[in-house]
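I opened the notebook for a look at strands and aromatic rings. The entries follow in the order I took them.

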Amino acid sequence: MEQVFFFIFLFFLTLSIFLTILAKASETKRKKMPPGPRRLPVPILGNLHLFDANKPQHSLLSLSNKYGPLILLQFGSIPTLLISSSDIAEEIFTNHDLTFSNRPALFVPKKLLYNFSSMAFAPHNDMWRQARKIATLELLSLQCVRSFEVIRREEVEKLVAAIKDVSVANLSKLTLSFSNNVVCRVELGDEFGDGGKEGVCLHELIYETQSLLGSFCVADYFPGMEWVDRLRGFHERLDKHFEKLDKFFDRVIQEHLKCREEEEGSENIIENGDKQQNDFVNILLGRHKVAVHHGGFLSNIDHVKATLLETFMAGTDTSAATITWTMTELMRNPRVMNKLLEELRQATDGNARRLIQESELEKLEYLKKVIKESLRLRPAAPLIPRETTQLCEIRGYIIPANTRVVFNAAAISTDPNVWERPLEFWPERFDGSRVDFKKREFEFLSFGSGRRKCPGFNFAMVVVELALANLLHCFDWSLPDGMKAEDINMDVAVGLTAHKKEALRLVARPKW
Ligand code: HEM
């Protein structure tokens, strides 16, 4: 009898397990994929025809306006999740940050960054963690950033002098040179720009690097079709450029090693913390020497080169673009310009005939709001690329593992459901506002969010604030040739960084 009961029990147990599994399976099936536009009947293209490569952020914005803030697009053979609202961004960064912490493995950064041997484009793994820790500790911390004050002051002096030399200042170019020089001196110990060491113009290398990073690459949308890029000569261009970059960094490293050998007890450079000598290359080489024996990040010299290139690329363009866009908005908004000039006059006790120092920036509260508003309306990195590491569920939709993700920061920071008068340049919106890109806020993602948030915030802000404060303190600005504010072309150039497409040319009349 007992045996019969046992078999009945076993039967019901098996049945209930079977039914639970069945219910779970059908529940997963019922859960939908996110909505999105219909794909072309030509399967290989998917939704690519809806994407305007010349105006990426705008074409993505019109797609999210039409289909919603969480949509799944098919770009070639790659499913791509597009996120365009702050509440979905908040849900992701609060509950699924780890799942969304990968970067897509794109073809050009893979090549130029020595097979992702650094941080920005690397997958979320231990190598990335070590790379981020070292860059933060040795280059981007508040303490490090403060120690570069002399370099910034000298470069601002040069920027002001260069503007005094010309009748019409090309601010796009001049601010790029300025931020290039700051980053170059901090990292490499020399400018390597137009006025740098003979035969090496890093500015030119950087332009081509940016251009390649912003190029459409067939392999990124149609894996297995790299041959198309090869046929159109893209690989040749990439290989040639990589060779030049590699040679450049080899030379920089060799020069640093030679200097270290010449210094008696070269280890002292690192240990004494002599900031003039101890540029980022020296610090990385010191760590490389140790890592060679222990393995891990920096054990290979390619890690040093990739880190230098990446922090250089990430730091230069974004700051220059932000300075240029802010000056552009100020020219279009005389009320804001006048209010800011008044703040500067008060902060410098009238008409001080000297440059504004970093110690004075703290007082310039309106300047900070102006920059914040500029970053909101014209984010230097408007499309933030990520990739999911595992399957997850957002708002009842299934998001498979390895889905490419794009956060449209430009759309989020102008979302009319969140922002009053979203397209207006109105810095007063931040009066008493809790929104701040330093905190975990999701209304605007100018520096991203979560564990992959931009680590260069401190580095960037002081460069941008110091340059803008002095540009406005030293010169009266006007538009050239009877041009009106409404004539300023606001188009955005295609590329990784959202530069102003047409250079900003302004007449600068020195105030003293
Ligand atoms: C106004 C200036 C800047 C803006 C607007 C900006 C914006 C951004 C954004 C949106 C991201 C992506 C964050 C994410 O995925 O959530 C990022 C990443 C990054 N930024 Fe910046 N950035 C600026 C300046 C800098 C500077 C000065 C540096 C270094 C010198 C820097 C280094 C990096 C690095 C290394 C990453 C990759 C971080 C990672 O993947 O873990 N950035 N930046």
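I count two strands as paired if DSSP finds at least two bridges between them. The model is a predicted one.

Entry on the sheet. I looked up β4 and strand β7 (residues 404-408) and found them paired in the antiparallel sense over 5 bridges. Leu383 has Asn408 in β7 as its bridge partner. I then traced the whole sheet: it is open, with 4 strands in the order β1-β2-β7-β4 and mixed pairing.

Entry on aromatic rings. I got 12 aromatic pairs, with ring centres within 6.5 Å as the cut-off. I picked out Phe430 and Phe444: the centres lie 5.9 Å apart and the planes are at 35°, so I noted the pair as tilted. Both residues lie in the loop between α18 (409-412) and α19 (457-474), so the pair ties together parts that are 14 residues apart in sequence. Elsewhere I found Phe93, Phe407 and Phe442 linked into a cluster by ring pairs.

Entry on charges over rings. I found the charged end of Arg421 over the ring of Trp426, 3.9 Å from its centre. Arg404 lies over the face of Tyr221, at 5.7 Å from the ring centre.

Definitions and conventions: Residues numbered from 1 in each chain as written. Predicted model: local features only at pLDDT ≥ 70, side-chain atom pairs only at ≥ 80, totals over all residues. Heavy atoms only, no water. Helix = DSSP H or I, 4+ residues; strand = E, 2+ residues; numbered from the N terminus. Phe/Tyr/Trp six-rings, centres within 6.5 Å; stacked < 30°, edge-to-face > 60°. Lys NZ or Arg CZ within 6 Å of the ring centre and 35° of its normal.
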